[in-house]
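Subject: Structure handover

Hi,

Here is the structure for your files. My notes on it follow below.

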Amino acid sequence: MKSPADPPRPEPTPHPGYRNEGIRSVLAMFEHGDADEHLPLQRILQDLQQSAFGVFLFIAILPAFIPLPGIGGAVSGPLVLLIGLQMLLGLREPWVPDFIGRRGPRRGTMHRFLGRINRPLQRLDRMLRPRLGMVLQPLPARAFTGLLLVLVAVLLSLPIPFTNYLFGFQLLLFALALIERDGALMLFNWGAALVAIASFGVSSGHLITYSSELFQRLSGG
């Protein structure tokens, strides 16, 4: 006698917060509304899944494009360092301290920034797509990306003349690779970051000195 067939299992349904988190879908949240509206970082990140680190990084680098000496390093540097450390430690989604999560850009600030990068962003958007997941998903790959973000964040914090835009654009490409899950772009970012670290950091000795001082402060020494 045949046993009754097992009832078919229901198809898994997507998480209710899930959505296509490509760059265009993510940036749509900034398109409509009052230009003076303050957008807390906690609110921006709360519904994101795989793109949360990328969006956090995208917002963190905004001050790097402010044409005032010292602003980018003082504001963007520590935020990028926080992101890099969390990825280095293997976190799957960013932890945002409350005093940072309550802050964030105004919608009008995002509009102006997106207006400046709209043309290159449109060109990149046609080339970016999810691929080479082994460069993004495995823990060693994520940790290596986190390490590079930490080192570039340190470089951004250093008083190296005329480098804010350079490191800011480099970090923007990291953000796009994380948002679009594009492993090919991430591979390019790895190479470019290593070149920047060798050119601006190791060769001058500033990176090693500053990193040592930072480690001593963090360890309480």
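**What I found**

Pro97 sits in the loop between H4 and helix H5 (98-101). Helices here are DSSP runs of H or I with at least four residues, strands are E runs of at least two, and both are numbered from the N terminus. Pro97 counts as buried because its relative accessibility is 9%. Buried means under 20% relative accessible area, exposed means over 50%, and partly exposed is in between, with a 1.4 Å probe and protein chains only. Pro97 and Gln42 are 55 residues apart along the chain, and their C-alpha atoms are separated by 9.3 Å.

Some ground rules. This is a predicted model: local features need pLDDT of at least 70, side-chain atom pairs count only at pLDDT 80 or more, and totals for chains, interfaces and linings use all residues. Residues are numbered from 1 along each chain as its sequence is written, and side-chain values use heavy atoms, with hydrogens and water left out.

**The chain overall**

The protein chain has ten helices and zero strands. Its pattern along the sequence reads α-α-α-α-α-α-α-α-α-α. Of the 221 residues in the protein chain, 44% are buried. Take the contacts between residues at least 6 apart in sequence: 78% of them join residues at least 24 apart. Contact means heavy atoms within 4.5 Å. The protein chain exposes about 12500 Å², and carbon and sulfur atoms supply 63% of that area. Areas come from the Shrake-Rupley method with a 1.4 Å probe; for residues, only the protein chains shown count as cover.

**H3 with H4**

The axes of H3 and H4 come within 9 Å and cross at roughly 165°. Axes are lines fitted to C-alpha atoms, for helices over the stretch in contact, and angles run from 0 to 180 degrees between N-to-C directions. H3 and H4 are therefore roughly antiparallel. The cut-offs: under 35 degrees is roughly parallel, over 145 roughly antiparallel, 65 to 115 roughly perpendicular, and the rest oblique. H3 passes H4 in a left-handed crossing. A crossing is left-handed if the near helix is turned anticlockwise from the far one by less than a right angle, and right-handed if clockwise.

On the H3 side, the contact uses Phe53, Phe56, Leu57 and Ala60; on the H4 side, it uses Ser76, Leu79, Val80, Leu82, Ile83, Gln86 and Met87. These residues divide into nine nonpolar, two polar and no charged. Ala, Val, Leu, Ile, Met, Phe, Trp, Tyr, Cys and Pro count as nonpolar; Asp, Glu, Lys and Arg as charged; the others, Gly among them, as polar.

Ser76 belongs to helix H4 (residues 71-88). Ser76 counts as buried because its relative accessibility is 0%. Not counting residues up to four places away in sequence, Ser76 touches Ala60, Ile61, Leu62, Pro63, Ala64, Ile71 and Leu156.

**H3 with H8**

Helix H3 (residues 52-60) also meets helix H8 (residues 164-180): their axes come within 7 Å and cross at roughly 155°. H3 and H8 are therefore roughly antiparallel. Their crossing is left-handed. Phe53, Gly54, Val55, Leu57 and Phe58 in H3 meet Leu171, Leu172, Phe174, Ala175, Leu178 and Ile179 in H8. By class, that contact has ten nonpolar, one polar and no charged residues.

**H7 with H8**

H7 and H8 pack at about 160°, with axes 10 Å apart. They are therefore roughly antiparallel. The crossing of H7 past H8 is left-handed. From H7 come Thr145, Leu148, Leu149, Val152, Leu155 and Leu156; from H8 come Asn164, Phe167, Gln170, Leu171 and Phe174.

Asn164 is in helix H8. At 17% relative accessibility, Asn164 is buried. Leaving aside neighbours within four places in sequence, Asn164 is in contact with Ala64, Gly72, Gly73 and Leu156.

Gly133 is in the loop between helix H6 (107-127) and helix H7 (139-157). Is Gly133 buried or partly exposed? With 36% relative accessibility, Gly133 counts as partly exposed. From C-alpha to C-alpha, Gly133 and Arg181 are 7.1 Å apart in space, though 48 residues apart in sequence.

Best wishes
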